[in-house]
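Visitor: Hi, I have a new model open and would like a quick tour. Could you walk me through it?

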Amino acid sequence: MHELGLIIDVVEKVDRIAEEQNLKKIDKVVLQVGEAFSVVPQMMKAVYRRSIPGTRLEGSALEIEIIEASAKCRNCGSVFNPFTCDAQCPCCQESEYTVLSGKEFLIKEILAWAGRSGSFAKRRTRLLWKIIE
């Protein structure tokens, strides 16, 4: 269950970003996760709910966007989704390819409250933090 370690890392990074940017409360965190990045989104959300009490993220929502996998055939250069084609190029049936996308794990966005003059103003903080190389 490496979802636990990933979510703990996300919560720590977002909490640190919130502190650096003087954000009082996080409303939502948006992750982008590649189709080929072996995690279960429902498991990630369950682990997230259990990891946020006592942090600025308490009560926040987690949204997960899936990035479709794509690959480029080394033989003919066609770009295709290896998951929909049994890992073979649909043009030449070659199984040698280079992965172009689908292994990402990114913090895309943080929606947060920024305290100003005793009141709160909603501020969208758009970030792209690469968690895993």
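**A tour of the fold**

Guide: Happy to! Let's start at one pair: alanine 71 stands opposite valine 99 in S5. Keep in mind that this is a predicted model.

Visitor: Which strands make up the sheet there, and in what order?

Guide: It is an open sheet of 3 strands, ordered S4-S3-S5, with antiparallel pairing. The edges are strand S4 (79-80) and strand S5 (97-101), each with a single partner strand, so one side of each is left without a neighbour in the sheet.

Visitor: How many bridges join S3 to S5?

Guide: There are 4 bridges between strand S3 (residues 70-73) and S5, and the two run antiparallel.

Visitor: Let me zoom out. How many helices and strands are in the protein chain?

Guide: The protein chain has 2 helices and 7 strands. Starting at the N terminus, the elements follow the pattern α-β-α-β-β-β-β-β-β.

Visitor: And how do S1 and S2 run, parallel or antiparallel?

Guide: S1 and S2 run parallel, joined by 7 bridges. One place to look is glycine 34, which stands opposite isoleucine 67 in S2. Together with H2, these two strands make a right-handed β-α-β unit.

Visitor: Is S1 mostly covered or exposed?

Guide: Mostly covered: 9 of the 12 residues in S1 are buried. For the protein chain as a whole, buried residues make up 39% of the 133 residues.

Visitor: OK, on to the core. Which residues touch the most other members of the largest nonpolar core?

Guide: Those are Ile26, Val29 and Leu31, in a core of 25 residues. Two or more residues each come from helix H1 (3-20), strand S1 (23-34), helix H2 (41-51), strand S2 (61-67) and strand S6 (105-116). H1 gives the most, with 7 residues. As background, nonpolar side chains in soluble globular proteins tend to be buried together.

Visitor: What is isoleucine 26 in contact with, leaving aside its neighbours within four places in sequence?

Guide: Isoleucine 26 is in contact with Val14 and Ala18, then Arg56, Leu57 and Ser60, and also Ile110, Leu111 and Ala112.

Visitor: Where do lysine 13 and aspartate 9 lie?

Guide: Both are in helix H1, 4 residues apart, which is about one turn of the helix. Lysine 13 is partly exposed, with a relative accessible area of 21%, and aspartate 9 is also partly exposed, at 22%.

Visitor: What does lysine 28 form a salt bridge with?

Guide: Its partner is glutamate 63, and the closest N and O atoms of lysine 28 and glutamate 63 are 3.0 Å apart. Lysine 28 is in strand S1 and glutamate 63 in strand S2, so the pair ties together parts that are 35 residues apart in sequence. Lysine 28 is partly exposed, with a relative accessible area of 23%, and glutamate 63 is partly exposed at 28%.

Visitor: And which side chain does glutamate 65 meet in a salt bridge?

Guide: Glutamate 65 meets lysine 108, with 3.2 Å from N to O. Since glutamate 65 lies in strand S2 and lysine 108 in strand S6, the pair ties together parts that are 43 residues apart in sequence.

Visitor: Does lysine 108 count as buried or exposed?

Guide: Lysine 108 counts as buried, at 16% relative accessibility, because the cut-off for buried is under 20%.

Conventions. Residues numbered from 1 in each chain as written. Predicted model: local features only at pLDDT ≥ 70, side-chain atom pairs only at ≥ 80, totals over all residues. Heavy atoms only, no water. Core = buried A, V, L, I, M, F, W, Y, C linked by side-chain atoms within 4.5 Å. Buried < 20%, exposed > 50% of the residue type's maximum accessible area, 1.4 Å probe, protein only. Contact = heavy atoms within 4.5 Å. Salt bridge = Lys/Arg side-chain N within 4 Å of Asp/Glu carboxyl O. Pairing = 2+ DSSP bridges. Right-handed = clockwise from strand over helix to strand, strands pointing away.
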